[in-house]
Amino acid sequence: MFIRKKSVWLFLMPGLLGLLLFYVVPFFGGIYYSLTDGTYKNAFVGMANYADIWKNQMFLLGLKNTLELSLICAPLVWVFSFAIASLLNRLRPKGAFFRNSVLLPYLMPSSAMLLFWLVIFDFGGVINRIVVALGMERVMWLQGSQMRVPIILLFVWKNLGFAVIIFLSAIQAVPEPLYEYATLEGAGFLRQTFGITLPMIVPTAFLVIILEWINAFKIFKEVYFISGSYPDESVYTLQHYMNNMYNKLNYQNVTTAAYSFAVIVFALFGVLFLTQRRLLKRLT
Amino acid sequence: MEKLTVRQPGGRKLFTRSVLGLLAIIMLVPVVVTILYSFCSPDEIDAFMKTRGNYDNALWMELKLSPKVFSLSQYYEILVLDMSILRMFVNSAVYAVLILLGQAVVIPMMAYALSRFRFRGREAIFFGIIMLMLLPFQVTMVPNVLTLRTIGLLNTVWAVIIPMWFSPFYIFLIRQFMLGLPNELLEAAQMDGAGTLRCYSYVVIPVCRPVIGAAIALSFADCWNLVEQPMTYLSQRADLYPLSVEFNRLAGSNAKIVFAGAALYILPALFIYLYFLNDILSGVQLTELK
């Protein structure tokens with residue numbers, strides 16, 4: 001049921017005003033800002049800032065790392081959370097303890113949890129003991145490009161739970177008779193998962209990958225806590241670049257970088273969205 | 001369901017259980033160990049942390065599972081002797097409370113308007129919210145800074161707080177739940193003569209308890225983990241930083257008490273988790289992006 005009433009504006013007003021004031025209006029204002037030179041006269045320079053930023057090594061490095069990290073992290077969380085949700089669904093109505101413990105890390109603050117990570121990934125730490133027990137050489141996890149491993153694992157550890165919850169509620173909505181019929185036909189767990197569950201929850205799978213991708217773009221704080229504003233070049237993220245430029249008061253540069261990134265993000269999600277639509281059409 | 005369990009060989013369920021059991025251990029161990037270590041004596045932890053960062057192939061860090069002697073001295077130090085962590089903790093709490101209060105006013109109302117009303121521009125507004133939700137912080141920080149600078153709030157606590165009040169994700173989360181509310185519920189309230197506002201506060205909000213609880217818990221987790229926002233919006237006022245930004249610096253300067261600090265820092269999040277667990281499980285009903 002929908003209500004048609006003027007009083008709707010009363011409910012909308014506070015949020016709408018805030019969104020317009022803090023996000024929408026300055027977003028468009030910023031486009032003009034990114035086309036000026038930022039001097040006292042603030043002369044119009046056209047696309048010069050964009051041309052500059054696409055030649056800026058540090059920007060390109062940050063962009064590349066952020067995209068790479070998110071391209072590893074988001075699919076990892078996506079695959080694992082779907083697998084875990086399917087396993088949890090098998091145990092239903094039991095398995096509450098497992099489900100609850102997967103959700104716990106999502107609420108834990110990163111900087112407190114990082115302590116444990118630093119201890120186990122130390123050169124003499126537990127992870128290296130396992131590495132040696134498996135017959136390999138010790139690895140310096142907290143330096144150089146190997147640092148990506150703990151960063152990625154920390155991300156997966158923290159974000160897995162929320163994705164599992166979303167998948168689980170979608171899987172539980174799949175009609176039970178479908179599975180009973182499949183079992184009678186002799187389909188095993190794996191066939192049921194990929195033949196029934198996955199096609200039934202395509203929109204949810206799409207939502208989860210988008211949400212995780214947005215989260216993965218944010219990977220920064222763990223790197224910052226381990227190695228500050230100028231980490232190894234394999235983990236120098238876009239946020240590092242933005243913060244460093246911002247602290248040098250180079251606002252034009254920050255704005256241009258942000259909008260260049262926005263274009264990339266929308267292009268990526270646009271492609272994903274079209275893929276999902278295609279997929280749904282083919283399935284129905 | 002019964003039939004299915006009988007037909008399946010018991011071994012497979014055992015496999016599922018052991019995979020999930022292993023997973024649960026991985027998920028819980030970091031939190032449990034952090035809390036256990038917080039009961040070590042400061043000297044024990046100091047000695048333990050000093051064995052870190054050693055690049056000698058012959059040396060290992062000690063495998064420590066529990067404290068040698070149960071001690072509360074770490075807590076005594078951070079709660080009584082040196083209160084710098086506690087002060088940051090209070091900062092964090094103030095941010096979290098002010099952000100959540102603002103969100104409580106703005107977000108459910110907006111979600112209600114977008115889910116139960118028909119008006120011109122509804123689709124456009126919702127589309128805008130989805131677009132904003134998709135933008136990462138690196139992008140939205142720019143418009144935020146522009147406005148905050150214009151109205152002179154940059155480098156004040158409000159710079160961190162106010163933009164968070166309009167978090168598009170929580171509008172989306174609550175709206176999706178409200179879309180699923182049964183029509184009869186609201187029709188019955190209207191029959192009884194309740195106006196839109198009464199209907200909202202006496203019918204809609206109470207039945208939305210699960211999703212509101214979920215939103216509180218998830219948003220609290222965000223507030224408790226704020227790093228990027230303070231670092232940029234408060235770049236010239238490091239004294240206003242919350243614990244989330246400063247914890248690692250404080251921990252680096254005094255290794256003796258880090259684990260009690262971390263445990264203290266985790267504690268509110270743990271309470272929120274336990275209190276709102278069922279709300280998160282039943283309130284998060286996100287199935288698609290529209």
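Guide: The questions that follow set values against their definitions.

Guide: This is a predicted model, in which local features need pLDDT of at least 70 and side-chain atom pairs count only at pLDDT 80 or more, while totals for chains, interfaces and linings use all residues. Residues are numbered from 1 along each chain as its sequence is written, and chains are lettered from A and ligands numbered from 1 in the order in which they are written.

Visitor: Why is Met47(A) called exposed?

Guide: A residue is exposed if 12 or fewer other C-beta atoms, placed from the backbone, lie within 10 Å of its own, buried if 20 or more do, and partly exposed in between. Met47(A) has 11 such atoms within 10 Å and is therefore exposed. Met47(A) is found in the loop between helix 1 (8-33) and helix 2 (48-53) of chain A.

Visitor: Which residues of helix 14 of chain B are called buried?

Guide: Helices are DSSP runs of H or I with at least four residues, and strands are runs of E with at least two, numbered from the N terminus. Helix 14 spans residues 243-253 of chain B, and its buried residues are Leu243(B), Ser244(B), Val245(B), Glu246(B), Phe247(B), Asn248(B) and Ala251(B). These buried residues pack against elements of both chains, including helix 5 (110-120) of chain A and helix 15 (258-283) of chain B. In chain B as a whole, 43% of the 290 residues are buried.

Visitor: What makes residues of chain B count as in contact with chain A?

Guide: Two residues are in contact if their C-beta atoms, placed from the backbone, lie within 7 Å. By that rule, 88 residues of chain B are in contact with 84 residues of chain A. The side of chain B that touches chain A has 61 nonpolar, 20 polar and seven charged residues. Here Ala, Val, Leu, Ile, Met, Phe, Trp, Tyr, Cys and Pro count as nonpolar, Asp, Glu, Lys and Arg as charged, and the others, Gly among them, as polar.

Visitor: How does the radius of gyration of chain B stand against that of a compact globule?

Guide: The radius is taken over C-alpha atoms, and the globule rule is 2.2 Å times the number of residues to the power 0.38. For 290 residues a compact globule would have a radius near 19 Å, whereas chain B has 24 Å. The C-alpha trace of chain B spans about 75 × 70 × 35 Å along its principal axes.

Visitor: How many helices and strands does chain B have?

Guide: Chain B has 15 helices and zero strands.
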